[in-house]
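Welcome, and thanks for taking a look at this model with us. Please open the viewer and keep it at hand while you read the notes below.

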Amino acid sequence: MDSRHLVAVLALDEVVTFDLGTPTQVFNAARDEQARRYYRVRICTPGARPVRSAAGFTITPEHGLELLAEADTVVVAGVHYGARVLEDGTLDEPVRDALLAAADRGARVMSICTGAFVLAAAGLLDGRRATTHWAHADNFRRLFPNVDLDPDVLFVDEGDVLTSAGVAAGVDLCLHLVRHDHGSEVANMAARRCVVPPWRPGGQSQYIVRPIPDETDTSTAPARAWAQEHLHEPLELRALAAHARMSVRTFTRRFREETGVSPGKWITQQRVERARHLLETTDLAIDQVARHAGFGTGAALRQQMSATLGVAPSVYRTTFRSVG
């Protein structure tokens with residue numbers, strides 16, 4: 001009997017095909033040192049019936065809603081215009097009941113993009129913080145006023161219920177779960193197999209209607225790459241701007257356009273990620289981790305990790321050392 005973690009991906013009519021393929025691709029890329037997969041990913045629909053995709057073709061699954069009764073994780077793929085849940089916020093009763101039953105027995109439930117409408121229609125997001133694609137935020141608030149919607153982030157992790165923004169943010173959320181389940185090394189390798197960035201923090205802004213940068217400006221990417229190699233050193237804004245051959249003002253504007261956050265916040269995010277990696281993969285003392293990550297002192301690292309992740313470095317290390 002296959003004991004691997006079962007991921008059931010629910011597809012409804014007008015399913016967004018990118019969202020449907022994301023969990024299959026990312027979770028199947030998570031493997032151990034012998035290249036054995038940690039997850040089984042299966043697609044299901046109501047009644048195992050074919051569903052229409054937003055791309056104009058039909059998807060025929062192998063499983064019906066009974067798959068949700070077995071799943072360890074349930075993923076609801078996004079739906080496009082024409083789906084009833086986007087119009088009136090309602091679901092067919094069998095779908096709602098299957099989602100509620102899965103959540104009640106302890107399955108982890110998550111959505112990609114407008115899949116959040118489905119979770120909200122099932123009542124799984126009432127009183128919770130959640131996100132969805134920024135372009136659907138107004139409609140979501142109209143239909144589900146009891147949900148604490150934050151359309152400015154990539155994903156929201158509420159523990160047993162998780163939601164993500166559109167398209168690529170679904171990749172970020174799936175990798176976040178792989179990291180939670182099996183640690184950074186497995187998640188980073190899965191990202192490498194998928195040729196995507198290994199980590200973007202959930203609190204990073206969605207890329208929302210930002211002005212196109214001036215053609216005379218150059219990218220801040222080289223400065224960011226240089227900063228990644230020097231996180232353990234003081235990184236002043238003036239030095240980063242000089243590395244990019246820009247004025248501080250131009251660099252700051254262009255940096256925010258390209259990343260969605262300020263240079264200072266981005267550097268802190270990268271340092272937290274460096275600290276996480278060191279805590280998971282080395283036996284360095286907390287003060288040493290802090291110095292290698294650029295925080296200087298253990299106290300500064302504890303403050304940043306508590307603010308960002310809600311846990312102390314020692315607790316984080318203990319948690320991830322026990323994973324897998």
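In which sense do strand β6 and strand β10 pair, and over how many bridges? Strand β6 (residues 108-111) and strand β10 (residues 161-164) pair in the parallel sense, over three bridges. Please bear in mind that this is a predicted model.

- Six strands make up an open sheet, and their order is β2-β1-β5-β6-β10-β9.
- The pairing in this sheet is mixed.
- At the edges sit β2 and β9 (155-157), each of which pairs on one side only.
- On average, neighbouring strands of the sheet are turned by 15 degrees against each other, with direction ignored.

**Strand β6 and its two partners**

- On the β10 side, Ser111 stands opposite Thr163, and Val109 stands opposite Val161.
- With β5, strand β6 pairs in the parallel sense over four bridges.
- On that side, Thr73 stands opposite Arg108 of β6.
- In a regular strand, side chains alternate between the two faces of the sheet.
- For β6, Arg108 and Met110 lie on one side, while Val109 and Ser111 lie on the other.
- Both faces of β6 are covered, and these four residues are all buried.

- Strand β1 (residues 5-10) and strand β2 (residues 39-44) pair in the parallel sense over six bridges.
- Within this pair, Ala8 stands opposite Arg42 in β2.
- Together with helix α1 (residues 17-28), β1 and β2 make a right-handed β-α-β unit.
- Helix α1 lies across β1, β2 and β5 (73-76), and runs at about 165 degrees to β2.
- Arg40 is found in strand β2.
- Is Arg40 buried or exposed? Its relative accessibility is 19%, and the cut-off for a buried residue is under 20%, so Arg40 counts as buried.
- Beyond its neighbours within four places in sequence, Arg40 is in contact with Asp2, Arg4, His5, Leu6 and Val7.

**Helices α11 and α13**

- Two packed helices are described by the distance between their axes and the angle between them.
- For helix α11 (residues 263-281) and helix α13 (residues 298-309), the axes come within 11 Å and cross at roughly 100 degrees.
- Angles of 65 to 115 degrees count as roughly perpendicular, and α11 and α13 are therefore roughly perpendicular to each other.
- Which residues meet where these helices are in contact? From α11 come Thr268, Val272, Ala275, Arg276 and Leu279, and they meet Leu301, Gln304, Met305, Thr308 and Leu309 of α13.
- Sorted by class, this contact of α11 with α13 has six nonpolar, three polar and one charged residues.

**Loop residues with a positive phi**

- Most residues other than glycine have a negative phi.
- Cys113, which is not a glycine, has a positive phi of about 55 degrees.
- Cys113 lies in the loop between β6 and α4 (115-121), and counts as buried at 8% relative accessibility.
- Arg245 also has a positive phi without being glycine, with a value near 60 degrees.
- The loop between α9 (237-243) and α10 (248-259) holds Arg245, which is exposed with a relative accessible area of 80%.

**Two further loop positions**

- Thr90 is found in the loop between α2 (84-88) and α3 (93-104).
- With a relative accessible area of 33%, Thr90 is partly exposed.
- Leaving out neighbours within four places in sequence, Thr90 is in contact with Arg84, Val85 and Ala121.
- Thr90 and Val118 are 28 residues apart in sequence, and their C-alpha atoms are 8.0 Å apart in space.
- Gly260 lies in the loop between α10 and α11, and counts as buried at 6% relative accessibility.
- Between the C-alpha atoms of Gly260 and Ile59 there are 35 Å, and these residues are 201 residues apart along the chain.

Notes: Residues numbered from 1 in each chain as written. Predicted model: local features only at pLDDT ≥ 70, side-chain atom pairs only at ≥ 80, totals over all residues. Heavy atoms only, no water. Axes fitted to C-alpha atoms, helices over the stretch in contact; angles between N-to-C directions. Helix = DSSP H or I, 4+ residues; strand = E, 2+ residues; numbered from the N terminus. Parallel < 35°, antiparallel > 145°, perpendicular 65-115°, else oblique. Contact = heavy atoms within 4.5 Å. Nonpolar A, V, L, I, M, F, W, Y, C, P; charged D, E, K, R; others polar. Pairing = 2+ DSSP bridges. Right-handed = clockwise from strand over helix to strand, strands pointing away. Buried < 20%, exposed > 50% of the residue type's maximum accessible area, 1.4 Å probe, protein only.
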